[in-house]
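Me: Hi! Could you walk me through this one? I'd like to start with charged pairs and then move on to other things.

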Amino acid sequence: MPSALEQISSSVRDAPAVLQEIKNRTGRKMIGFFHPVVPAELIYAAGLRPVRLFPYFDDPITKGDAYLQTYLCSYLRADWDQTIRDRYRYLDGVIIPRSCEAVTFLYQTWKRHNPYQFIDYINVPWKRSGNAISFFAKELGRVKQGLEQFTGKEISEDSLRNAIKVCNRNRELLRKVYDLRKAESPPLCGAEAFSVVMSSFVLDKEEHSGLMEQLLSELAQRSQPPRVDIRLLISGGCVIDYRLWEMIESSGVSIVADDVNNGSRSFWYSVEETTKDPLEALARGYAMVPCAFNTSIGDRFKYISEMIREYRVNGVIFAMNKNCESEKFVYPELDKKIKDKVKVPTLNIETDYLIGMAPLRNRVEAFVETLRA
Amino acid sequence: MAEKKRERPAFNSDIAAAMSKHYRDVQTNKPMAYTLMSSNPLIEVAYAAGIQPAFPENYACVCAARHASEEYCETAEAHNYAPDVCSYCRNNLGYIYDPGGSPPMGGIGEPDLLLLTTSACTHYFKWWDALHEIYDKPLVYVNTPRVMEPQSVPDYYMDYAMREIEYAIADIEKITWVKITNDRLSQAVKLSGEVVDYWQKLLELQKAVPCPMDLSDLTNALFVLIVLVGTQEGVDLMKKIYDETRQRVAEGKGILSKEEESHRLLWINIPFWYKLGIFGYFEDRGCVFPFSDYTQYIWGTTRMDGSKPLESLARKALGGELNTSVDDQIGKLLKDIKDYHVDGVIAHSNRSCRVLSVGVLDAVKIIRQELNIPAVVLDCDHTDERVYSGATIINGIDAFLEMLR
């Protein structure tokens, strides 16, 4: 039987084939979505399959540029390009959250060209006040109704509560895997942790949770790796290029923590299971997701500085995508705070879809050298 | 690009005087708040509270028109604000870090508080949050939802916006120790409504042939609609602009004469503030711009009712193109192109304004298909003059004019 890590890696590497196979096998309709602020629980509870949307790193953008300008985020452009080229043929719908401008305003373009049966837009509030949570719960209620119309079936309170439990279990296990990286000699490297989280966007949550349990027991048996001297935290928006994680760690360091959309931000906060209204519980949980577009610099700093302390981080790499305006706007003040208040050195690198790694490698290696000096 | 000297409407000098006064007020009046231009309900609230509003976006336009933005943008970049960040914001941050010896209009001062609304781009929140970190001044924040389907706005959107404005008013009262009575708020909203009413009538006058104002005149008048909304000064000035324009229409007076005016164009997105002379280039070639999505759909689109101040302000916050998108305005553009007798489209794909640019390529395609009129997309930036390539832009315009003829 392949190890949990082998299964995880192959599900990430072969995501399109895996998803298509799941679709063929289960016949369940699949709903794609961007960013960790969309409650996957709603989609699960509707009897549908949630799929986080990321572009596949295997071909250049061609048709998409006729719709979206090249000064917009290239990952989003690649997503859209692959959509209109029918790369996500397993999808039946999409939910677009209010987030960065490029994602937000893609909604209308997407709707006009309508490649899917279902398309909706969620207004995610940028506050965590009672008024904002109450609004968000109503907004989720509207989306729930839309999903019910799409499937022709009511989403019962029980199914919603069950979906919350299933997703919480998955979040809890991901946290346990992340906790292991606090060790002097983390039993898994950052690139492996990257795959662990990315696979949760591909595999069924229950199946993924099963794999996490297997992984945790396998990691307990793993021979102790050497102690790492340089422990990095990587911060950015969608840091989804596995080559980047591997390249950074190839300089003999370990990425022990992250503050990225496709990492800790996706599972750090659980949803209350005992709240009377499950929609309000979802609103409360998902409003906490610390993406750059909805989170203040102060809250981001709190999130990162706690991680720096808990994971004993001694260097931060900001890996921001070209044209990722939200992350880039936050960076200057956040960077100052990290340097001034927690006294950790930082490096800023700019990434892009299908970017060459060689120039980035030079900068990362120079940074690592300064940390070791 | 030496354009012919033409007689501009006299109100432009009144607006210039009001603008000078505004910047003097910004430097002297207290408390002073930085706030935003987009359909922002806190402008009327600020005036009702006796707070002097200041507008870093407007200041960016002023700096660009005076060719000071380039340096401010460079200063912001030296402080790690990437060129991907909107040039309005970089202009402001560059000004903060190094205003230089003689900033345009004497500068925009240091705020006592920060009033934020999210009824436009994500940048608004990010920008004000950065200012909050830099200045360590109170931040009052109205979060409103994006309205992607204006035809069916759920009631809870309005409820949320109204509660947010109520909370903001309470916060402002605590910070300033000023009670914003219902009377004061109603009065500001009533005056705002009067400005909006004149503005709507003014836009109607632009349908006349020849066109009484060009886009540079209209964008000048926007200063009154945005900055002075909620004041008697604003009402008086907008009335003056309207009266003069109505008189021009009655006399058949246009920016170009009826004989000269051979083409009427639509400008999509924000102008190049550092190169407003470009409209003179068009005028010299017989073209005027009776309207733009920027002047037509963002501000002055909500009926303001002094007897329902909170509701009016909430509607204002939810309305306007910056809270929807250019995509959503395509239907309106198709109608207005006909109503304003437009026969060509210049679309600015503005790398600093994603809200008004993401749907531009689709908008242009649809306009071409539905109305069979020529359109060109110009890739540029509203404030960062370094992005402007004269040769490329003029080549694009000349090719477009060839198509038009």
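**Salt bridges, a sheet and a contact**

Reply: Happy to! A:Glu350 and A:Lys328 form a salt bridge, with 2.2 Å between the closest N and O atoms. A salt bridge here is a side-chain nitrogen of Lys or Arg within 4 Å of a carboxyl oxygen of Asp or Glu. This is a predicted model, where local features need pLDDT of at least 70 and side-chain atom pairs count only at pLDDT 80 or more, while totals for chains, interfaces and linings use all residues. Residues are numbered from 1 along each chain as its sequence is written, chains are lettered from A and ligands numbered from 1 in the order in which they are written, and side-chain values use heavy atoms, leaving out hydrogens and water.

Me: Where do A:Glu350 and A:Lys328 sit in chain A?

Reply: The pair links distant parts of the chain, 22 residues apart: A:Glu350 is in strand E8 (residues 346-351) and A:Lys328 in helix H13 (residues 325-341). Helices (H or I, at least four residues) and strands (E, at least two) are DSSP runs, numbered from the N terminus.

Me: Is A:Lys328 buried or exposed?

Reply: A:Lys328 is buried, at a relative accessible area of 5%, while A:Glu350 is partly exposed at 33%. Buried means under 20% relative accessible area, exposed over 50%, and partly exposed in between (1.4 Å probe, protein chains only).

Me: Which side chain of chain B meets A:Lys328 in a salt bridge?

Reply: That is B:Asp84, at 3.0 Å from N to O. B:Asp84 lies in the loop between helix H4 (69-78) and helix H5 (87-97) of chain B, and A:Lys328 in helix H13 of chain A, so this pair joins two chains. B:Asp84 is buried too, like A:Lys328.

Me: How many salt bridges are there over all chains?

Reply: There are 71. One network of them links B:Arg6, B:Arg8, B:Asp217, B:Glu260, B:Glu283 and B:Asp284.

Me: New topic, the sheet in chain B. What is the strand order?

Reply: E6-E5-E7-E8, an open sheet of 4 strands with parallel pairing. Two strands pair if DSSP finds at least two bridges between them.

Me: Which strands stand at the edges?

Reply: Strand E6 (287-292) and strand E8 (375-380) of chain B do; each has a single partner strand, so one side of each lacks a neighbour in the sheet.

Me: And how many bridges join E7(B) to E8(B)?

Reply: 6, and the two strands run parallel. B:Ile346 has B:Val376 in E8(B) as its bridge partner. Strand E5 (residues 263-268) and strand E7 (residues 344-350) of chain B also pair in the parallel sense, over 4 bridges.

Me: Which helix lies across E5, E7 and E8 of chain B?

Reply: Helix H15 (residues 360-371) of chain B, running at about 165° to E8(B). Axes are lines fitted to C-alpha atoms, for helices over the stretch in contact (heavy atoms within 4.5 Å), and angles run from 0 to 180 degrees between N-to-C directions.

Me: Last topic: what area is buried between chain B and chain A?

Reply: About 4500 Å², with carbon and sulfur atoms giving 55%. Buried area is the accessible area (1.4 Å probe) that two parts lose on being put together, summed over both. On the chain B side, B:Tyr156, B:Arg354 and B:Val358 lose the most area to chain A, together 16% of what that side buries.

Me: How many salt bridges count between chain B and chain A?

Reply: 7. A:Glu101 also forms a salt bridge with B:Arg146, with the closest N and O atoms 3.8 Å apart.
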